[in-house]
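Visitor: I am new to this structure. Please show it to me, and then I will ask about it.

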Amino acid sequence: METKELDFNGFKMNGFVALFLHLVVFSAIIVFGFIIGVGRSVPLMFFSMILLVLWFILFAGYMELEPNEARAMVFFGKYKGTFKETGFFLVNPFLNKKKHSLRARNLDVEPIKVNDKIGNPILIGLVLVWKLKDTYKAMFEIDSQTMANRQASAGYAVAGRMNAFENFVKIQSDAALRQVAGQYAYDDNEADTEELTLRSGGEEINEQLEQKLNERLAMAGMEVVEARINYLAYAPEIAAVMLRRQQASAIITAREKIVEGAVSMVKMALHKLSDEGIVELDEEKKAAMVSNLLVVLCADEAAQPVVNTGTLNH
């Protein structure tokens, strides 16, 4: 995605060096104060007051950054770049240093009810890993600051801002999930088709979901590292009906296998009897034998034996 983020190129100084100079200024203020007290010099008094004001102002310029953190630098409403160098620094104390976390964050989206391609209501949820990619877009393309102010006080500005980002990701995730789920059926009801479904799609469905999410989150400077469907089920109002349909489909498939095997066994028995000359059967008795064998082989319960004491001849 096109980035609008710029590297900060303004004034910066090692924080420890700046702290040493800060102490030197404080020492100068003490010396000048002593001289003023002895000689009552007006110029020195004015100069010492300037040093004292400067000494207090410099405190606002200190900042530290840990790995995978960044600060968006704003000077009286104008964006000056993003500071990403880790360490302890002194910068222009009049800069507004808005802190962001660039670390990966996890989001478990609760299952939502949607209609699949053929209109069946289903429950579907996802889990995704996302992180901040462009601090400019995150700060100024969406109203994250207003959302953060509603959720947290000034002391928790960073946490409130990241919670606002997470809320934005959650809402867009719901929209992307509905869009992808509506393009596919929950399951393939026709055995002879190879249409992609939510249940069998696997990685391909997850890749499409990740693509849709990245398209939606690009405007906010966020990137989805990974997105996966972690929950998929029929909605409660049709779950029982769909379970019976699946059971019926399984029974039909099993019966097809049983019949196929039974026909094969009957065919083999007839060939054996004919080839080895064990018994001579006319067409009527062959039909009766086939009927009896199919009943025995395809029945759900064990067949009851019947002893025939008669003969095969009329």
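**Salt bridges and cores**

Guide: In this predicted model, E141 and K4 form a salt bridge, with their closest N and O atoms 2.8 Å apart.

Visitor: How many residues apart in sequence are the parts that E141 and K4 tie together?

Guide: E141 lies in the loop between α3 and α4. K4 lies in the segment before β1. The pair therefore ties together parts whose separation in sequence is 137 residues.

Visitor: Is E69, which meets R103 in a salt bridge, buried or exposed?

Guide: The side chains of E69 and R103 meet at 3.6 Å, N to O. E69 is in strand β3, while R103 is in the loop between β6 and β7. Residues under 20% relative accessible area count as buried. E69 has a value of 8%, so E69 is buried.

Visitor: Which element gives the largest share of the largest nonpolar core?

Guide: That core has 35 residues, and L209 and L213 are among those with the most contacts inside it. The elements that give two or more residues to the core include β7, β8 and α7. The largest share is eight residues, and it comes from α5.

Visitor: Why are the buried residues of α7 on the same side of α7, and what arc do they cover?

Guide: The buried residues of α7 are I205, N206, Q208, L209, L213 and L217. They pack against β8, α5, α6 and β9. They are on the same side of α7 because the arc they cover around the axis is only 160 degrees.

Methods: Residues numbered from 1 in each chain as written. Predicted model: local features only at pLDDT ≥ 70, side-chain atom pairs only at ≥ 80, totals over all residues. Heavy atoms only, no water. Core = buried A, V, L, I, M, F, W, Y, C linked by side-chain atoms within 4.5 Å. Buried < 20%, exposed > 50% of the residue type's maximum accessible area, 1.4 Å probe, protein only. Helix = DSSP H or I, 4+ residues; strand = E, 2+ residues; numbered from the N terminus. Arc of directions from axis to C-beta. Contact = heavy atoms within 4.5 Å. Salt bridge = Lys/Arg side-chain N within 4 Å of Asp/Glu carboxyl O.
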